[in-house]
Amino acid sequence: MASSQVVKVLIVDDDNITRRIYRTMLFRFCFEITEVEDGNNAIQQFLDGNEYDLVLMDKHMPNMDGVEATRTLRGMGIPVKIVAITDDANSKDTFLGAGADKFLLKPLTFPMLTDILKSFNFLN
Amino acid sequence: MDYVNLRRQAASLRKGLFDQGYLDEQFYQLEDLQDDASPNFVEEVVTLFFRDSARLMANIDQALDKCVKDFNKLDVYMQQLKGSCTSIGASRMKTECTAFRECCRDENIEGSHSLSILNLCMRSFQKIKREHSVLRQKLESYFQLLRQAGPVECATRPNK
């Protein structure tokens, strides 16, 4: 886990609405939330020395897509849990091959998120 | 003011939105996220949707007006719009977005054929604009009724 006790989540999605919804869901767990709009900014967060426990990663984003961002993070040796969340069902194998831990189809629901958080033991 | 009647009208309008296919299950998810900490969450998200979708649709309009045959670019815009529709449960709009993307993905875009695809895209886009306008109208009416009815209104799923 990141150094503090609070679970730190990075939301990576170019859609305002999606980020708003995820933020509201995660707020219920009192997690610390950061949002970025593309893969480039996600990478920069880690290059800046920030630590996260969980990344919610969209696929289709400008500048750098989610698969490439995932691959880059793994190449940097970043062990953060990455959950790919996209409406592109065909990208599952690509995402998992790039190093994502889980793959979910949009729209993410609160029960889906809760299940994921439990599976990673973030709700203890 | 007859708050009971206003609530009844709001409930009826809401039911109609689901029955007529304007909204799907995802809208229930938004309603479930509304609580004391985020008492206006649904309206805020819907407002955000109409703001963002208007911007995306203006980009698409501009591209189509210029007879841009960069179908990849059009597809990217439309994918973003479809994503937003999915996020709030705008079901009919989402369906029309999918249809538009099918037009863009037509493999043969050489020469005069690309013009017919462009025309198909334009027609498809007109449908999206109509659905957008109707949904906006209905949701604005719905939230106005909710505001008039006061804070007691709770989202409940219609009986199946």
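Analyst: Happy to! A nonpolar core is a set of buried Ala, Val, Leu, Ile, Met, Phe, Trp, Tyr and Cys residues joined through side-chain atoms within 4.5 Å. Keep in mind that you are looking at a predicted model, one that scores ipTM 0.85 and pTM 0.88.

The largest nonpolar core has 67 residues, and the members that touch the most others are Phe100(B), Leu135(B) and Leu139(B). Let's stop at Phe100(B): setting aside neighbours within four places in sequence, its contacts are Ile60(B), Leu64(B), Leu74(B), Met78(B), Cys121(B), Ser124(B), Phe125(B) and Ile128(B). There is also a second, separate core of 22 residues, with Val67(A), Leu73(A), Ile78(A) and Ile82(A) among them. In soluble globular proteins, nonpolar side chains tend to be buried together.

How far can you trust chain B? Its mean pLDDT is 86, and 86% of its residues reach 70 or more.

Over in chain A, one more residue deserves a visit. Asp58(A) sits in the loop between β3 (54–57) and α3 (66–75). Asp58(A) counts as buried because its relative accessibility is 5%, under the 20% cut-off. Beyond four places in sequence, Asp58(A) touches residues including Asp13(A), Asp14(A), Thr86(A) and Lys106(A). An unreviewed UniProt entry annotates Asp58(A) as "modified residue: 4-aspartylphosphate".

Note on methods
Residues are numbered from 1 along each chain as its sequence is written. Chains are lettered from A and ligands numbered from 1 in the order in which they are written. This is a predicted model: local features need pLDDT of at least 70, side-chain atom pairs count only at pLDDT 80 or more; totals for chains, interfaces and linings use all residues. Side-chain values use heavy atoms; hydrogens and water are left out. UniProt positions are given in the numbering used here, feature names are shortened, and annotations may be inferred rather than shown by experiment. Helices (H or I, at least four residues) and strands (E, at least two) are DSSP runs, numbered from the N terminus. Buried means under 20% relative accessible area, exposed over 50%, partly exposed in between (1.4 Å probe, protein chains only). Contact means heavy atoms within 4.5 Å. pLDDT is the predictor's confidence in each residue, from 0 to 100.
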